[in-house]
Amino acid sequence: MKGIILAGGSGTRLHPATLAVNKQLLPVYDKPMIYYPLSVLMLAGIRDILIISSPEYIGNYKNLFGDGSALGLTIAYAEQPKPEGLAQAFTIGADFIGDDNVALVLGDNIFFGAHLTDLLASAVARKSGATVFSYRVEDPERYGVVEFGEGGKAISLEEKPEKPKSNHAVTGLYFYDNRVVQLARDLKPSARGELEITDLNRLYMDAGDLFVEQMGRGYAWLDTGTHDSLLEASEFVRTIQHRQGIQVACLEEIAFHQGFISPDQAREAGERFKKTNYGRAILNAVNMPNL
């Protein structure tokens, strides 16, 4: 399976903070925003990753990650000249995807939970169909909304409905079989001129091939599209890290535990960042693995 991070857009809701920098490069507490969605793909065991961003910012991601080898990954890059909907990721990334299944995560989404890796493993294990993740919210009209029928089966999907049929929002994490490439190519733009991910998911639902993993109590899903939500996400990460003494989305630590990099590679990264809690977490993972 391959992974795509969609890190495009102009970030107008975060102006003027994003006038000179891509939103997904802004810090969420102590690390770049894009570290968080990348960590989710890594926790799912995905090592071949495509980062899609605007032409003016793609070089910043290349400077940040290079070819991905420092994390035991293979990272490629593609430009999104103009944002035309989330499903555009699959037309831009078609050659990268090839004959593989693919996961898409939005570059401004943060996921956290003790059993997150179990949910990810369930999605990866499904060789056909699509898997999305729902999360209960107070303001579902801001999101794509899924309605459940008997047995927890999705029976309707709506994009930002005025009168939501449930409080379950579809989060920015999606797993698809290889059919998604052709389905995305065949999608018609919506009334707002975009290739809607909800329309894509509805095709799988109508075929009986849409699976919904519900993120219940014990999970956190945060998007960072406004100044307030960006601050709230930073406060959340800070609270978890200070209270539990762990790092959220420490990429080298995850890479080490996943077997993507060797102890020596992890130790080298930890030494590079040793003046920070981030670096010390990497060193602790290598030197005190049972801590």
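Reader: Which residues lie closest to the centre of the largest pocket?
Author: The largest pocket of this predicted model has a volume of about 1000 Å³. Its lining comprises 37 residues. The closest to the centre are Arg13, Leu86, Leu106, Asp108 and Lys160.

Reader: Which element gives the largest share of the lining of the largest pocket?
Author: Strand S11 (168-176), helix H7 (197-206) and strand S13 (219-223) are the elements that give two or more residues to this lining. By class, the lining has 10 nonpolar, 16 polar and 11 charged residues. The largest share, four residues, comes from S11.

Reader: Is Asp108 buried or exposed?
Author: Asp108 is among the residues closest to the centre of the largest pocket. Its relative accessibility is 12%. Buried means under 20%, so Asp108 counts as buried.

Reader: With which residue does Asp108 form a salt bridge?
Author: Side chains of opposite charge can pair when their charged atoms come close. For Asp108 and its partner, the closest N and O atoms are 2.9 Å apart. Asp108 sits in the loop between strand S6 (102-106) and S7, and the partner, 85 residues away, in the loop between strand S1 (2-6) and strand S2 (27-28). The partner is itself buried, with a relative accessible area of 13%, and is Lys23.

Reader: About how many helical turns separate Asp199 and Arg202?
Author: Asp199 and Arg202 form a salt bridge, the closest N and O atoms being 2.8 Å apart. Asp199 is partly exposed, with a relative accessible area of 23%, and Arg202 counts as partly exposed at 25%. Because the two are three residues apart in helix H7, their separation is about one helical turn.

Reader: Which element supplies the largest share of the lining of the second largest pocket?
Author: This pocket has a volume of about 830 Å³ and is lined by 32 residues, with Ile246, Gln247, Val248, Cys250 and Glu253 nearest its centre. Its lining draws at least three residues from each of domain 1 (2-242) and domain 2 (250-290). Elements supplying at least two residues include helix H8 (227-244), helix H9 (251-257) and helix H11 (277-287). The largest share, five residues, comes from H11.

Reader: What is the volume of the largest cavity?
Author: A search of the whole structure finds one cavity of 30 Å³ or more. Strand S8 (130-136) and S11 each supply at least two residues of the lining of the largest cavity. By class, this lining has five nonpolar, four polar and two charged residues. The volume of the largest cavity is about 40 Å³.

Reader: Which residues does Ala269 contact, leaving aside neighbours within four places in sequence?
Author: Ala269 is placed in helix H10 (residues 263-272). At 5% relative accessibility, Ala269 counts as buried. Leaving aside those neighbours, the residues in contact with Ala269 are Glu252 and Ile282.

Notes: Residues are numbered from 1 along each chain as its sequence is written. This is a predicted model: local features need pLDDT of at least 70, side-chain atom pairs count only at pLDDT 80 or more; totals for chains, interfaces and linings use all residues. Side-chain values use heavy atoms; hydrogens and water are left out. On a 1 Å grid over the protein atoms alone, a cavity is a set of points where a 1.4 Å probe fits but cannot get out, and a pocket is an open set with protein on both sides within 12 Å along at least five of seven lines; lining residues have an atom within 4 Å of a point. Grid points are joined across faces, edges and corners, and a volume is the space filled by probe spheres set on the points. Ala, Val, Leu, Ile, Met, Phe, Trp, Tyr, Cys and Pro count as nonpolar, Asp, Glu, Lys and Arg as charged, and the others, Gly among them, as polar. Domain bounds come from an automatic or database domain assignment. Buried means under 20% relative accessible area, exposed over 50%, partly exposed in between (1.4 Å probe, protein chains only). Contact means heavy atoms within 4.5 Å. A salt bridge is a side-chain nitrogen of Lys or Arg within 4 Å of a carboxyl oxygen of Asp or Glu.
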